[in-house]
Amino acid sequence: DLLLIGGKGSGKDTLINTIAWILNLPVTLSVGSKDETKESIVGEPAFRDGESTFDLSLFAKTVQNGGIVNMAEINMMMGDVTSVYHSLLDDNAVLPTPIGAIPRHEHFVMMGSMNVGEGYVGVRTLNDAFKDRFAVLRLPYTQDFEQMIRSKTGLHDTAALSFLKNVKNAVDTLIQEEQQGFAASTIRGYVDAANYFLEIGINADTKLDVLEDYILNKVEDLDEYMSLRDMIRTEAWSALPISPEEQNYIDG
């Protein structure tokens, strides 16, 4: 069983799907939530043909029949809830349910993925006893940002790649210096921007389009949004126009 730690766009889902392809196992996606309970993880009570019964969850069925569970955002779940997995992931190899323990299939694998850092709201520190049941793999961002964009999108225009890299550096600077702009630290946003440049081309208009659609507008807080615009204008693209909203903000 494997626990993947890394930021948005670092390749966690890609790695899980690749492993599933290599092992020829189906993947069941499950997303962690603060509202999850021990009961909801394994199934829910039902009433059928005049009798009370219990419907196993897709997770429980995967434990029973084999396959890979991709438990995304696993660190959104409460510590007292994740304890339901303990006997499944240790030598007991069973999942407790209201209708009895389900033996773990020999080809069942659980893979949890989690985002870490100050930019992720609602995440929790995993219980040590739970985390200890996994092999843990940390996925860093690629060191060569431009190479990563080229490999993911096929964009080779040096001006477009340099523009995106400068924008990323501006976002990183704001995060480091002012602890703002975490939402704009998005690899997927840069990939979408690169694909847009591939489709439309790079000019002043498309630069503005990708900045607003894929980077800037990911930041919801107004003060933070304005700080990011100013940082990008200062560090990455001095020609970034001052929008009417920004001018009103500047004027108070």
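How many aromatic pairs does the count come to? In this predicted model, the count is eight aromatic pairs, where rings of Phe, Tyr and Trp (its six-membered ring) pair if their centres lie within 6.5 Å, and planes under 30 degrees apart count as stacked, over 60 as edge-to-face and the rest as tilted.

Because the model is predicted, local features need pLDDT of at least 70 and side-chain atom pairs count only at pLDDT 80 or more, while totals for chains, interfaces and linings use all residues. Residues are numbered from 1 along each chain as its sequence is written, and side-chain values use heavy atoms, with hydrogens and water left out.

**First stop: the aromatic rings**

Select Tyr85 and Phe130. These two rings form a stacked pair, with 5.7 Å from centre to centre and 25° between the planes. Tyr85 lies in the loop between α4 (79–82) and α5 (86–89), whereas Phe130 belongs to helix α6 (residues 128–131), so the pair ties together parts that are 45 residues apart in sequence. Helices (H or I, at least four residues) and strands (E, at least two) are DSSP runs, numbered from the N terminus.

Is Tyr85 buried or exposed? Tyr85 is buried, at a relative accessible area of 0%, and Phe130 is likewise buried, at 0%. Here buried means under 20% relative accessible area, exposed over 50%, and partly exposed in between (1.4 Å probe, protein chains only).

Phe134 is buried, as is Phe130.

**Second stop: Val31**

Select Val31, which is found in strand β2 (residues 27–31). Its relative accessibility is 44%, so Val31 counts as partly exposed. Which residues does Val31 touch, not counting residues up to four places away in sequence? The contacts (heavy atoms within 4.5 Å) are with Glu36, Ala72 and Glu73. For a distance check, select Ala194 as well: Val31 and Ala194 are 163 residues apart in sequence and 28 Å apart in space, C-alpha to C-alpha.

The structure holds eight salt bridges, each defined as a side-chain nitrogen of Lys or Arg within 4 Å of a carboxyl oxygen of Asp or Glu.

Select Asp1 and Arg104, whose side chains meet in a salt bridge at 3.0 Å, N to O. Asp1 lies in the segment before β1 (2–5) and Arg104 in the loop between β7 (102–103) and β8 (108–114), so the pair ties together parts that are 103 residues apart in sequence. Asp1 is partly exposed, with a relative accessible area of 27%, and Arg104 is partly exposed at 23%.

Next, select Arg48 and Asp55, which form a salt bridge at 2.8 Å, N to O. Arg48 is partly exposed at 42%, and Asp55 is partly exposed at 27%.

Finally, select Arg229 and Glu246, whose side chains meet in a salt bridge at 2.9 Å, N to O. This pair links distant parts of the chain, with Arg229 in helix α11 (residues 222–235) and Glu246 in helix α12 (residues 244–250), 17 residues apart. Both Arg229 and Glu246 are buried.
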